[in-house]
Structures are given as C-alpha cells and as structure tokens.
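User: I'd like a walk through this structure, feature by feature. Can we start with the strands?

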Amino acid sequence: MRSRAALLLLALLVGAAGAGACAGDHCVRHSDCPEGLVCSMSSCAEPPDAAPADDGGAVGRDAAPPPDTAADAVPTAEDAPTTATDAEDAS
Amino acid sequence: MAKILLAILLLGPTLARAEAPLVAVEARVTEGLTVGGGQGRSVWRLAPYTVGAFAEVATVEEPWTTFYAGGYFEGGDRAAAGAAVGLRVRPGRGRLRFGAGATGTVVPYSILGATAAGGLCFDDLGPAACVELEGVVYLFGSDLPDDGTAAQLQVGLEVGFDAL
C-alpha cells in the first residue's frame, strides 16, 4: 500500500514537473528569469523602475525646478510681506 | 524474495535502528517542484536542484532528536549558495524521521523560508541512506516577488556517515 502511495507521489511529481517545463517563461522567483528581468505576476518582465530610467532621467529633471519656475518663486516670496502688511493694516 | 522486500518496506518505520550516532555528517541532494503566484493564479515549475553537506548532532535521547546544520549549492539554471538548520525527531529511534527548520539561499540573492519534512532512513548496510519529502514555504528575501508567494515540494536523498 505504501509502495503504491510512493509510486503515485512519484508519478505526480514527474507529471507536475512536465507541466512546469511547459510553463514557458512563467516564474516563481526573480532568479527564475533571465538576467535583467524580474518576476512579476508570475511572468518575467522588465523591472518597474527600468522604464523611467530609459527616459533619460525625466523624473530627475522634473524634481529640479526649471529656471522659469524659480523666477516665479521670487514674486511669490515678495507677496508674503505684502500680505503680512495687509494683516497689520487690518488690525 | 519480493514478499520479504515488501515486508521490510512496510515494517521499516517500526524497526528500531541498531544504534543512532551522536554526530553524523551527510551529503544531500534535492530536487522537486516550486509553486508560486498571486492574485488567483498559480504557477508550477521545476525547482532548482541542491547539493549540500550537513552535520547532525544528537541533542535529546527520548525521543531521539538531532540538530542539523549545513550548506548547499543551488544549481540548474542558476548558481547560488545557502544554508539550512533545524531539528529532526526519530520516534523510537526507528527509520521514520520528521524534521522542521529554516532554509535560506543567501548568495547572490536571498530567499528564506521554513521547512517541514518526513522520511525514512536505512542504515543496515553501513552508511545511512535516507529519502525525505520536504516542503518549504518561502517567507521573505530579495528573490521573492513582492506580488506573490512561493513554496517548494522536494525529494531529498541523503547518505550519512557516523562521525561519533
């Protein structure tokens, strides 16, 4: 009886291994994927942060304000004392 | 003759071992299936094989309990190294063996998990030969996808030698 159970288990393992071999590029761990790819949703794919990097660092440029934006910030700063003065006048 | 072999296999777990070693070293190979997935989808695939060397030290006499530790190489479509530790219990010092512990690949990536195993050991002809079915649930590590889980079912074959 135990021998039959062992044979059944072995058959299941072999069968499942065959099915796994047909799984294509399906993955369970990142190391199942070719180098440069990661496992996401059971499939090998580009890393999530790879696409922005290919844009030439667009995110980095957005993080630093352009010169025009910086110039706009100066009048805004000057507006603050004006507002404070208005507040004193109001009191 | 076939009936005798069948009887040995069936009664194996209940037959007491001649003498359990206090310290043993063993070579071990494993192969099996790994399953993972998430969000309603699961994937089975062939697990990487492992080849390892372990040491086993007796810690409790009744029930016969041993502590084991060792390292392994993970191969196949990758190359990595890891380690495993745990406890094994052999009720009545028989052939039947149960184990639980932790395993983890640490180089060049990491994946750590908990293990549970059961198997049989035969040491009547000198070196102990063991066959074991082991389940692994991976809990964390850089090799584990953020959006999924991973587990492994594998068969381990061991050859052990008494050191003390």
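Analyst: Two strands pair if DSSP finds at least two bridges between them. This is a predicted model, where local features need pLDDT of at least 70, side-chain atom pairs count only at pLDDT 80 or more, and totals for chains, interfaces and linings use all residues. Residues are numbered from 1 along each chain as its sequence is written, with chains lettered from A and ligands numbered from 1 in the order in which they are written.

User: In the hairpin of S5(B) and S6(B), which residue takes a positive phi?

Analyst: Gly92(B), near 65 degrees, in a hairpin with five residues between the strands. S5(B) (residues 80-90) and S6(B) (residues 96-107) pair antiparallel over nine bridges, and Ala81(B) has Val107(B) as its bridge partner.

User: How many bridges link S6(B) and S7(B)?

Analyst: Ten, again antiparallel, with S7(B) covering residues 111-122.

User: Which residues have the most contacts inside the largest nonpolar core?

Analyst: A nonpolar core is a set of buried Ala, Val, Leu, Ile, Met, Phe, Trp, Tyr and Cys residues joined through C-beta atoms within 7 Å. Buried means 20 or more other C-beta atoms within 10 Å of a residue's own, with C-beta atoms placed from the backbone. Here the largest core has 15 residues, and Val28(A), Cys39(A) and Tyr138(B) have the most contacts inside it. S2(B) gives the largest share, three residues.

How values were computed. Buried ≥ 20, exposed ≤ 12 C-beta atoms within 10 Å, placed from the backbone. Helix = DSSP H or I, 4+ residues; strand = E, 2+ residues; numbered from the N terminus.
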